[in-house]
Amino acid sequence: RETMDSKQNSSGPDQDKSLVKRSDPEPFQDVAGKLKSKGSVAKTSIEDVIDAVLPPRVFLDAKGRKMMMRASPLKASREDVIKLQIKLDTLLQERQARESGICPVREELYAQCFDELIRQVTVECPERGLLLVRIKDEIAMTLAAYQTLYEGSINFGMRKALKVEQGKSELEEKLGALEERRKKLLTRLDQERTRTDLLEKRIAEKKVAEEKKMQSEKEFLSFQAKHLENFLKTLK
């Protein structure tokens, strides 16, 4: 809801860009004087109810004077409602509001449209208008609660994502260390295999050499035995 202290600028609010129908600007002092002269015991008028529902907009005009624009207390006709719908569609298109998803522009324009509808209802029936304001405030609080919950879930998700990312980094470091250890072990395994192959080759060569030596000795002994046997035969 707009407040009296908001929307202040040097040229005044642009009524063509607002969906809420307002009266012509009045000097702030004049309006304040009227309200003060009425006193607190005066009967509440429709203008007072509308001011409570849609607070006046205060701004500075081109001459620097403090001005006030109050929501219009005039009743709305069927033609006014049709114009409101056309103006809403036009502003949505001009300000390039998105048709779906979260869009602050669309949210703002529909809120203004709802305020104008509340103004029209309040003029006809103040009690109904005040009830609509109560419903609007309740919806706003509910949406704010959902937004807080959404932002909390986003923050929770971000914390979880950062934690996962941090854990991922630690795992990657651990994986790198294990990979380095694996490479060293593979290098050591290759070295041991090479050493084993050399030892097996040496053992095989030594075995072959010993077998050849034994075969030579066997043949020599066989030759000596045969030669000795022939020698003994000659002695007989």
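Reader: Which residue in E3 is the bridge partner of Arg57?
Author: Met69 is the partner of Arg57. Before we go on, this is a predicted model, where local features need pLDDT of at least 70, side-chain atom pairs count only at pLDDT 80 or more, and totals for chains, interfaces and linings use all residues. Residues are numbered from 1 along each chain as its sequence is written, and side-chain values use heavy atoms, with hydrogens and water left out.
Reader: Thanks! How many bridges join E2 to E3?
Author: Four, between strand E2 (residues 57-60) and E3, and the two run antiparallel. Strands here are DSSP runs (E, at least two residues), as are helices (H or I, at least four), numbered from the N terminus. Two strands pair if DSSP finds at least two bridges between them.
Reader: And what sits between those two strands?
Author: The hairpin of E2 and E3 has five residues between the strands, and Gly64 there takes a positive phi near 85°.
Reader: Which residues of E3 face Glu26 and Pro27?
Author: Glu26 stands opposite Met68, while Pro27 has Met67 as its bridge partner. Strand E1 (residues 26-27) and strand E3 (residues 66-69) are joined by two bridges in the antiparallel sense.
Reader: New topic: how much space lies in the second largest pocket?
Author: About 220 Å³. Closest to the centre of that pocket, among 13 lining residues, are Leu19, Lys21, Asp80, Leu84 and Glu116. A pocket is an open set of points on a 1 Å grid over the protein atoms alone, where a 1.4 Å probe fits, with protein on both sides within 12 Å along at least five of seven lines; lining residues have an atom within 4 Å of a point. The volume is the space filled by probe spheres set on the points, which are joined across faces, edges and corners.
Reader: Which helix gives the most to that lining?
Author: H3, with four residues. Helix H3 (78-94) and helix H4 (104-124) each supply at least two.
Reader: Last one: where is Ile135 found?
Author: In helix H5 (residues 126-235).
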